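Trainee: I would like a close look at one part of this model. Please take me through it step by step.

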Amino acid sequence: MKRPHQPQSATSLPRAPRDDASARSRRYLIMMAIRMVCFLLMVLITPYGWQTWLFGIAAILLPYIAVVNANNSEDLGSSAQNPERALPSAATAPKPAPADSTVIRIEENKSPGRSEPGGDG
């Protein structure tokens with residue numbers, strides 16, 4: 001059996017589900033902390049002006065963004081290679097040599113499990 005041209009690399013495998021879930025939870029908590037800061041700044045900054053509206057809009061929109069971001073897994077965009085696709089395809093017949101070639105090429109194909117004629121197997 002031939003080996004694939006490029007072996008499957010451990011770095012091309014997707015992230016473990018446990019690590020992916022913890023990373024998504026961490027991102028969600030960070031975004032919720034930013035939302036709390038925006039909410040506090042919206043209430044505490046005086047006089048009320050454009051900054052108040054900016055912090056208010058951020059406090060309203062950040063939960064939606066955090067939930068959508070937390071529900072998206074990182075392995076969707078990964079370039080992990082399917083191991084079955086890395087296997088070589090079925091054997092193909094060799095290309096015939098041009099008719100005017102002086103080189104004679106003989107190829108022997110052995111099938112696994114079959115014994116040679118006149119052999120001991």
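How do H1 and H2 lie relative to each other, roughly parallel or roughly antiparallel?

Mentor: First, some ground rules. Residues are numbered from 1 along each chain as its sequence is written, and side-chain values use heavy atoms, with hydrogens and water left out. The model is predicted, and local features need pLDDT of at least 70, side-chain atom pairs count only at pLDDT 80 or more, and totals for chains, interfaces and linings use all residues.

The protein has 2 helices and 0 strands; helices (H or I, at least four residues) and strands (E, at least two) are DSSP runs, numbered from the N terminus. H1 covers residues 17–44, and H2 covers residues 50–71. H1 has 28 residues and spans 41 Å from its first C-alpha to its last, close to the 40 Å expected at 1.5 Å a residue. That expected span is 1.5 Å times one less than the number of residues in the helix.

Now to your question. Two packed helices are described by the angle between their axes and the distance between the axes. The axes of H1 and H2 come within 8 Å and cross at roughly 170°. Axes here are lines fitted to C-alpha atoms, for helices over the stretch in contact, and angles run from 0 to 180 degrees between N-to-C directions. H1 and H2 are therefore roughly antiparallel to each other. In this scheme, angles under 35 degrees count as roughly parallel, over 145 as roughly antiparallel, 65 to 115 as roughly perpendicular and the rest as oblique. H1 passes H2 in a left-handed crossing, where the near helix is turned anticlockwise from the far one by less than a right angle (clockwise would be right-handed).

Next, the residues between the helices. The buried residues of H1 are Asp20, Ala23, Met31, Met32 and Cys38, and they pack against H2. Buried means under 20% relative accessible area, exposed over 50%, and partly exposed in between (1.4 Å probe, protein chains only). In the whole protein, 11% of the 121 residues count as buried.

Phe39 counts as partly exposed because its relative accessibility is 41%. Val43 is also in H1. At 42% relative accessibility, Val43 counts as partly exposed. Val68 belongs to H2. Its C-alpha lies 9.3 Å from that of Tyr28, at 40 residues apart in sequence. With a relative accessible area of 37%, Val68 is partly exposed.

Then there is the loop between H1 and H2, which holds Pro47. Most peptide bonds are trans. The one from Thr46 to Pro47 is cis, with omega near -5°.

Finish at Thr52, which is in H2. Leaving aside residues up to four places away in sequence, Thr52 touches Met42 and Ile45; contact means heavy atoms within 4.5 Å. Thr52 counts as buried because its relative accessibility is 15%.
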